[in-house]
Amino acid sequence: MKIIITGLSKLSRGQKQLLIVVIDSFLAIFGLLSSYALRLGGWIWPEEILFWLIFCSPILLVSILFIFGLYKSITRYTGQRTLFVIFQATTLYAVIWGLTG
């Protein structure tokens, strides 16, 4: 674990931001596929429009998180203000996804 933390601390700011965007994108897709699996009682491979909605959802997520300034800086400590901004951004993402999906 210490090796991972040391390796991450040596990355440049841009590399850290890119890593976070990739992780957020993967988690968005996995979360949506998981929610459909729970809803339908089994794993499905989305077809047609649902496929494009799920696999393009990271574009919406990253855009919202960028607008809220969550990718602007990589912080060492997360304060109460940051947690509130994360709550606002994820709520907006959920509302937009709920209206389109």
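This is a predicted model: local features need pLDDT of at least 70, side-chain atom pairs count only at pLDDT 80 or more; totals for chains, interfaces and linings use all residues.
Helix 2 and helix 3 are oblique to each other, because their axes pack at an angle of about 140°.

**First stop: helix 2 against helix 3**

Select helix 2 together with helix 3. Their axes lie 9 Å apart, and helix 2 passes helix 3 in a right-handed crossing. On the helix 2 side, the contact is made by Val21, Asp24, Ser25, Ala28, Ile29, Leu32, Leu33 and Tyr36. On the helix 3 side, the residues are Leu50, Ile54, Phe55, Ser57, Pro58, Leu61, Val62 and Leu65.

**Second stop: serine 25**

Centre the view on serine 25, which belongs to helix 2, residues 13-40. Is serine 25 buried or exposed? Its relative accessible area is 17%, and serine 25 is buried because values under 20% count as such. Apart from neighbours within four places in sequence, serine 25 is in contact with Pro58 and Val62.

The 28 residues of helix 2, at 1.5 Å a residue, should span 40 Å, and the end C-alpha atoms are 41 Å apart, which agrees. Besides Ser25, the buried residues of helix 2 include Ala28, Ile29, Leu32 and Leu33; Ser34, Tyr36 and Ala37 are also among them. Helix 3 and helix 4 are included in what covers these buried residues.

Select tryptophan 43, in the loop between helix 2 and helix 3. With a relative accessible area of 60%, tryptophan 43 is exposed. Which residues does tryptophan 43 touch, not counting residues up to four places away in sequence? They are Phe30, Leu33, Ser34 and Ala37. The C-alpha atoms of tryptophan 43 and leucine 33 are separated by 7.6 Å, although the two residues are ten apart along the chain.

Continue to glutamate 48, which is placed in helix 3. Its phi is positive, near 50°, in a residue other than glycine. Most residues other than glycine have a negative phi. Glutamate 48 counts as exposed, at 65% relative accessibility.

Select residues 80-100, which form helix 4. At 1.5 Å a residue, the 21 residues of this helix should span 30 Å; the end C-alpha atoms are 31 Å apart, in agreement. An α-helix has 3.6 residues a turn, so residues three or four places apart point the same way.

**Last stop: helix 3 against helix 4**

Finally, display helix 3 with helix 4. These two helices pack at an angle of about 145°, with axes 10 Å apart, and helix 3 passes helix 4 in a right-handed crossing. From helix 3, the contact is made by Leu53, Ile54, Ser57, Leu60, Leu61, Ile64 and Leu65. From helix 4, the residues are Ala89, Leu92, Tyr93, Ile96, Trp97 and Thr100.

Key
Residues are numbered from 1 along each chain as its sequence is written. Side-chain values use heavy atoms; hydrogens and water are left out. Helices (H or I, at least four residues) and strands (E, at least two) are DSSP runs, numbered from the N terminus. Buried means under 20% relative accessible area, exposed over 50%, partly exposed in between (1.4 Å probe, protein chains only). Contact means heavy atoms within 4.5 Å. The expected span of a helix is 1.5 Å times one less than its number of residues. Axes are lines fitted to C-alpha atoms, for helices over the stretch in contact, and angles run from 0 to 180 degrees between N-to-C directions. Angles under 35 degrees count as roughly parallel, over 145 as roughly antiparallel, 65 to 115 as roughly perpendicular and the rest as oblique. A crossing is left-handed if the near helix is turned anticlockwise from the far one by less than a right angle, and right-handed if clockwise.
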